Each structure stands twice: as structure tokens, then as C-alpha cells.
Amino acid sequence: MGKRRRFDCDFVCGQTEEDNIIVRLQSVDPAFYPVFIGGLESVVYASGYTPDGQYVKADIAVAGFPESYAQTLTCINMLVKPQTRLKFYKLKFYIINFEFFRPFKWHFGGYDISVTKVTEYNKVEEEMRSTKKPKVTAELAITFSSHRIVNEYEAEHIAHDLCALLSLAKGCQIQWLYWDAYSSDGVLVKSYHWDGVTTPYSTQPLILEHPPNTDIDGFVQQTFERYREVNERGRWKFDQAIGHYVENERRIWKFDQAIGHYVETVSSDSLLELKAISLVVLVDYFTQRYADFAKTTFFVDGTSFDDKRGALHKLISCALESLFSADDLILNEFEPTRRKGAKKRIFNEMADRIDGLNSRSFKSLLNSLLKELDLEVDEDEVETFVKIRNRLVHESYFLTQNDFLERSPYGINPRQFFRILSLTSRIILAILQYRGHYYDWKKREGVEWRGSEKARVKMTYASDKSLSSEGRASNTR
């Protein structure tokens, strides 16, 4: 406990597939009760040895009696030689929610990576699909070319990044719960558990992995290095000119968190309106972060605009007063506010909205982002996206049939949600510079099977179209 106070006890511990690491205290020293129950101190960690020679330490996050919840749990095999305990040949990560049909093999940064099914995968997968509860379905093994993993944190970093990409591909939160470290002769020397974020299993794929379409392998191969570059976990860089570390401006987006937001949204059972709002907020985030980076958020420099705010406020107030009568303004006021002086107050409230004059529209910022990403999106799709977004953000409703020029299948709520989902997904894939096939939910029809060819399309970029046109023109000449 705190202040280096210790008490003897027995305890048992383990981890659920929902990520909870539970520590249950048993046979506790009687002196422990008044200290803990009296609230004088909290439990910091529990540690000890198992009968089979394992040293176990659980760092407590939420203390309770008899059960506490740990943040991490570490197990070290004390029966092997000390020098062996420090030499890892292989780290095997145990993955939840990953449904797949075949093993994978990749090679990144000198590391060999393989993903295989767990024993009795078919039974586990059936339970996962029927209950939607997270289940450990796969083992992700990482080995180093020199036959020794010196830095376990680097291997964890790779596993985190792969899980993020697989989560995006599957539209479901895929995460590792713990890893086992093995020596060169296959002896388990260490295990590490953490309380990673997990969510129920869902099926909202963006990249297909259903025969005959097995696109995930190529997706990971194409995007892994780009994802790490965009995500920029190493946020700070050393500036030689000034002699100290500065923020790395290339890190426009916190991309791992953006993917987490996307996956949590599409896999949730929330109201369709709330899911759509969550996605358009993510697109807002991308557009605004890019605008901040490119310094295109405002028409006029912010300092210059602020210097003229007072004069502008006065001009707008005078213009409003000359154009609108008191009756015009009082008409839409709440009854209690219809009193003397309301006219002047309303003019001031309207004039206070002048900040919007200097801000570019969402549509303008979105078009700038799409152009930067070289993403081919027709004007009608952008226009419809903006209309749906504005209605959702300001009124929490989708558009109605009357909002379309003619009767359209996109007038129904699910179709509008799929339009939002489609453009959001393509923006994310374009940030990753992905050039393969993806599942476009906007093209999905009825209850088509999960691997439908119709909704499986290839990412298209504006430059590809222009290059194709140039090629045709050259051939014509």
C-alpha cells in the first residue's frame, strides 16, 4: 500500500476477454482491514510467487475488497536462468474480435509477423458471432531477424499499429489483451497483461476478407508504414537551428484515436442519427485540423480581424437597426423577453455573431481537404454530404424526401447514413494513401452477402483519372 506499508495475503488473479484484470485477495493479514476500510491508504500493487515458480505483480487501478481491478499484470518464470529471462526470441500477442479465413505473414522493420487462428477457432468464432462478446480468436507472433527481441515495447508498438489497421479494415475494435514471451528453446519466460479498450464484436467491414476477396493482406502491406508516418507517435523532433526539441508539424492528426472513434461509431448499436453525427464530427475534425495546418481556416488574419471587431460590430448593428423593425424582432422572441429594450439586445446578439464572417464554410474546408488528399469525389456527393451534415448537426434529423429535387433512394435514413459512412471511410483510406479495393456501403443493395462484388470497389484518385486521360490523348495522337 502507500507509504511502503505492506501486508501478507494470498491472492488469485486473471483477465477476462472483456479486458478486466481482476485481483481477489484471500487470507489477508487482519491488520490490513482497518487501514484499507478506514480509507487511510489505497492498494498500490499485489505481488508474490505461485507454487510453480512464477513471480506475479498486479498494478492496481481500482482498489476494493476482496476484489480489485488491475491496470497491468506481469508474470515472470523464475525457474529459468536470469540471462534467459531477458532474452526474448518470440512475442505472441493474443487478439480479440478478429474473424478471418487464412493466416497472414508480414515483414516490417526487421520483424517477422504472423497471424494464426487459436485452437478451436471455429467454436470460439461461432460463440463470438452469436453473443457479440469479445473472444480471443487469433495469435499474432512477432520475431526478429537476429533471433532476439531486445525491445519489447517496440514489439508492442507494432502490435498496437497492426490492431488499429485491422480494426479499421473490419469495422470492429480488434485489440491484443496480453502477450507471452518465449526463449529460443520455446520456454515461456514472461507474460504481460494490460487493460486495453475492448468493444463487442461487430460486422461492418471496410476491407473484405471473404473468399474469393482477400484484401486485408494487401491493405496492411500498403498502409502500415504510411499509418506510422501519419500517426507520428514520436511527436517531437530536434531542431538543429534552435538547439532543442519542437513539435513535429507533420503530425496533423492523432490518427490512432481517429480510427478508434470511427470503429467505435460504426460498430455501436446506437441510434442511426447519433452514429451519423459522430461520423460527420470526425470529418469536421479532419477538415479543421488540415485547415489549421495549412493556415486556411480564416479569410483574414485573426489579429487583423480582431483589431477591427469593434468597428465591424457597430456597423452591423446600425445596418440591422435600419433594416428591421421592432415587430420583426419581437415576433420570434419568447414571451418573457418581450419587454422594453429587447430590440437593442437582439441587435447586439445578432452582431455578436460576426466571428462567422471570417471563417470559411465547412463545404469550402472539406473541398480543400479532398483536393489535398487527391480524392475523387463528385460535386453532387459533396453537396449532399454537407446538407445531411448540416441537418444532423443543427437539428439531429436526417433529410426528408422533400429535401431532394426528385424522389431518391437516398431520401431514407439508412441510405443517408451509408453516404456519410462512405465518404468518411474514403477520407481515412485516402489519408493512408490506400490504392486497393474497399467495401463501399453506399453501393450496398438490400441484404446482399458480405463479399458482394457490387459494393467492392477500388479507391479512385483524381490524379489517376488525369493520367488516364493523358494516356488516351497520347495514344490518339
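**Helix packing and cores in a predicted chain**

In helix H7, Leu-272, Glu-273, Lys-275, Ala-276, Leu-279, Val-280, Leu-282, Val-283 and Phe-286 meet Asn-413, Pro-414, Phe-417, Ile-420, Leu-421, Thr-424, Ile-427, Ile-428 and Ile-431 of helix H14; contact means heavy atoms within 4.5 Å. The residues of this contact divide into 14 nonpolar, two polar and two charged. Here Ala, Val, Leu, Ile, Met, Phe, Trp, Tyr, Cys and Pro count as nonpolar, Asp, Glu, Lys and Arg as charged, and the others, Gly among them, as polar.

This is a predicted model, in which local features need pLDDT of at least 70 and side-chain atom pairs count only at pLDDT 80 or more, while totals for chains, interfaces and linings use all residues. Residues are numbered from 1 along each chain as its sequence is written, and side-chain values use heavy atoms, with hydrogens and water left out.

The chain has 15 helices and 17 strands. These are DSSP runs numbered from the N terminus, helices being H or I of at least four residues and strands E of at least two. Of the 477 residues, 44% count as buried, that is, under 20% relative accessible area, with exposed over 50% and partly exposed in between (1.4 Å probe, protein chains only). Among contacts between residues at least 6 apart in sequence, 64% join residues at least 24 apart.

H7 covers residues 272-294 and H14 residues 413-431; their axes come within 10 Å and cross at roughly 30°. Axes are lines fitted to C-alpha atoms, for helices over the stretch in contact, and angles run from 0 to 180 degrees between N-to-C directions.

The residues of the contact of H13 with H14 divide into four nonpolar, four polar and four charged.

The largest nonpolar core has 97 residues, of which Phe-255 and Ile-427 touch the most other members. Such a core is a set of buried Ala, Val, Leu, Ile, Met, Phe, Trp, Tyr and Cys residues joined through side-chain atoms within 4.5 Å. Neighbours within four places in sequence aside, Phe-255 is in contact with Tyr-227, Val-230, Asn-231, Phe-286, Ile-428, Ile-431 and Leu-432. Apart from this core lies another, of 18 residues, including Ile-21, Phe-32, Val-35 and Cys-75.

The loop between H12 (362-372) and H13 holds Leu-373, which counts as buried because its relative accessibility is 11%. Residues up to four places away not counted, Leu-373 touches Ile-427, Ala-430, Ile-431 and Tyr-461. Leu-373 and Ala-430 are 57 residues apart in sequence, yet their C-alpha atoms are 6.0 Å apart.

Asp-374 is in the loop between H12 and H13, and its phi is near 65°, a positive value in a residue other than glycine. At 23% relative accessibility, Asp-374 counts as partly exposed. Ser-396, in the loop between H13 and H14, likewise has a positive phi near 65°; its relative accessibility is 40%, so Ser-396 counts as partly exposed. Elsewhere, a cis peptide bond joins Phe-65 and Pro-66, with omega about 5°.
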